[in-house]
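Dear colleague,

I am passing on the structure we spoke about, and I would be grateful if you could look it over with the notes below beside you.

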Amino acid sequence: MLLTLTTTHQPATDLGYLLHKNPAHAQTFSLNFGKAHVFYPEASEEQCTAALLLDIDAVQLVRGRDKGQSLDQYVNDRPYVASSFLSVALSEVFGTALNGRCKQRPELVETAIPLKATLSVIPCRAGEDWLRRLFEPLGYSLTIEPYTLDEQFSEWGQSHYYTVTLEGQQRLSDLLSHLYVLVPVLDHSKHYWIGDDEVEKLLTRGKGWLETHPEREQIAYRYLKHRRDLTRDALSRLVAEDSVSEEEEEVLDEDEAAGTTEEQEGSDEKKVSVHDQRLQAAFETIRQSGAKRVLDLGCGEGKLLRMLLTEKSFEHILGLDVSYRSLAIARRRLHFDHIAPRQRERISLVHSALTYSDKRLKGYDAAAVVEVIEHLDMSRLSAFERVLFEYAQPGLVVITTPNAEYNVKFETWQAGTFRHKDHRFEWTRQEFEAWGRGVAERFGYSVRFQPVGSEETEVGAISQMGIFEKRSFTA
Ligand code: SAH
């Protein structure tokens, strides 16, 4: 059984870092069902392919079992197909990559890169359509090569084995997790005992995509080998864990800390969360500029997209995010699959990273980047600047980011920490303004700054906004 993973992300040999396997050497690993060989059929700057070859020892699998050793225990498809053995091999051989860790290329772990995975071969009794229903919602395009049962007897028809190639812009850890869960789902004979542990594995590896997968019920049912009790448990936990998103949690934390809940303010006014204020500020600035085509970069779960859609003067809106899971939630919240065709044409959702130039970002009048830059590694900021200000070049850019000076107002805040675990930095007003002025100067924009939220003495407002206008645009 052979799995190959190919990338054209450059330098493509970075795949070796991501997989923690040196492209220059072939390696062999002993597993309790046979051997796994890892090698690179090609490794150039432009394109790199890693291969995982499983050499499953069918005789060894049977040895030690005391009864009923029939011929089909020795002669079967196990050595040749992608099955739950592949999942075990992925976690043992590519465990660090599966868990999304890479010291040498930390930013690449978080980046969706062009990836192609080919499985030779995969069993799928339910046919090609089921393969598509499993992988296409995750953003893959599929090439499926079927096999006839026997070339000499065409009347015997098709076999249920396929060579499948998945292609998409994915984080490597996501692709490995998709395979880890979905390969055993396709295969009927899972080789190990199904217990509570399997529910944990399913939830761990399914985190971030299974919650919103249209076939999640069938996936859980088949992964857990038709154990209804475990499937029910898994599904109820999937939904519960999805119900409060990271961004919602952040908003709740900040509101609580800032004492802006309705009761504490003693006001009858409808509560406007800090986060809604930021979105409103960005929305108003863009609306007043007269922009027709608008980008929402790092759109997350699509709150701003929803606001933008309600404003008729925006003719086209593009939301981009690196998180496939957030985009899937955005799709659902925007009722993407059910909205009227004319509305549907006004909006595009793009799975990509802001640190790589993407031609789909060209030709827009305005861009909102709301509470995103602090999620980028400081070392990647200059790439982001070039992608946005030099390559995409919208006439207007609105960027918001937390004001670090305000953190002392949060009761639960501890010095030296950030508001959110994924923040890589938080800037004071002076730091943000210095960065913003530098960017404006380097790329031919003017810039002004505004507080977001009410200003407190000394520390300012909870968030800050930079408004960049391209010089030729304002002139
Ligand atoms: N703008 C949204 C979400 C803010 S949370 C809102 O205000 O509601 C930050 C978002 O930035 C997350 O959705 C995260 O996935 C996204 N993000 C982080 N790094 C990114 C990158 N390199 N490229 C694109 N999006 C990124």
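What follows is a description of the ligand site, then of some strands and single residues.

Please bear in mind that this is a predicted model, in which local features need pLDDT of at least 70 and side-chain atom pairs count only at pLDDT 80 or more, while totals for chains, interfaces and linings use all residues. Residues are numbered from 1 along each chain as its sequence is written, and side-chain values use heavy atoms, with hydrogens and water left out.

As for the overall picture, the protein has 20 helices and 14 strands, these being DSSP runs numbered from the N terminus (helices H or I of at least four residues, strands E of at least two). Of its 475 residues, 51% are buried, where buried means under 20% relative accessible area, exposed over 50%, and partly exposed in between, with a 1.4 Å probe and protein chains only. The protein exposes about 22,900 Å², of which carbon and sulfur atoms supply 47%; accessible areas come from the Shrake-Rupley method with a 1.4 Å probe, and for residues only the protein chains shown count as cover. Among contacts (heavy atoms within 4.5 Å) between residues at least 6 apart in sequence, 71% join residues at least 24 apart.

The ligand is surrounded by 18 residues, and the closest are His275, Gly298, Asp321, Leu354 and Val370; a residue is placed in this shell if one of its heavy atoms lies within 4 Å of the ligand. The shell divides into nine nonpolar, six polar and three charged residues, with Ala, Val, Leu, Ile, Met, Phe, Trp, Tyr, Cys and Pro counted as nonpolar, Asp, Glu, Lys and Arg as charged, and the others, Gly among them, as polar. A polar side-chain atom of His275 is 2.9 Å from an oxygen atom of the ligand, whereas Gly298 brings a polar backbone atom to 2.7 Å from a ligand nitrogen, and a backbone N or O atom of Leu354 lies 2.8 Å from a nitrogen atom of the ligand. Taken alone, the ligand exposes 570 Å², and the protein buries 91% of that.

Turning to the strands, β12 is largely enclosed by the rest of the structure, because seven of its seven residues are buried. In a regular strand the side chains alternate between the two faces of the sheet. In β12 both faces are covered, with Leu396, Val398, Thr400 and Pro402 buried on one side and Val397, Ile399 and Thr401 buried on the other. Strand β11 (residues 366–370) runs parallel to β12 and is joined to it by five bridges, and Val369 stands opposite Ile399; strands are taken to pair if DSSP finds at least two bridges between them. An antiparallel pair is formed by β2 (residues 27–31) and β3 (residues 34–43), again over five bridges, with a hairpin through two residues joining them and Thr28 standing opposite His37.

Asn403 lies in the loop between β12 (396–402) and α19 (429–443) and is buried, at a relative accessible area of 1%. Its side chain reaches the backbone nitrogen of Glu405 at 3.0 Å, and a polar atom of that side chain lies 2.8 Å from the backbone oxygen of Ala461.

A cis peptide bond, with omega about 0°, joins Gln10 and Pro11, and Pro11 sits in the loop between β1 (2–7) and α1 (14–19). Another cis peptide bond joins Ser120 and Val121, with omega about -5°, and Val121 lies in strand β5 (residues 113–123). His20, in the loop between α1 and β2, has a positive phi near 60° although it is a residue other than glycine, and it counts as partly exposed at 35% relative accessibility. Gln393, which is found in the loop between α18 (381–392) and β12, likewise is not a glycine and has a positive phi of about 50°; Gln393 is partly exposed, with a relative accessible area of 36%.

With best wishes

Conventions. A polar contact is a pair of N or O atoms within 3.5 Å; within protein, one must be able to donate a hydrogen and the other to accept it, and residues adjacent in sequence count only if both atoms are side-chain atoms.
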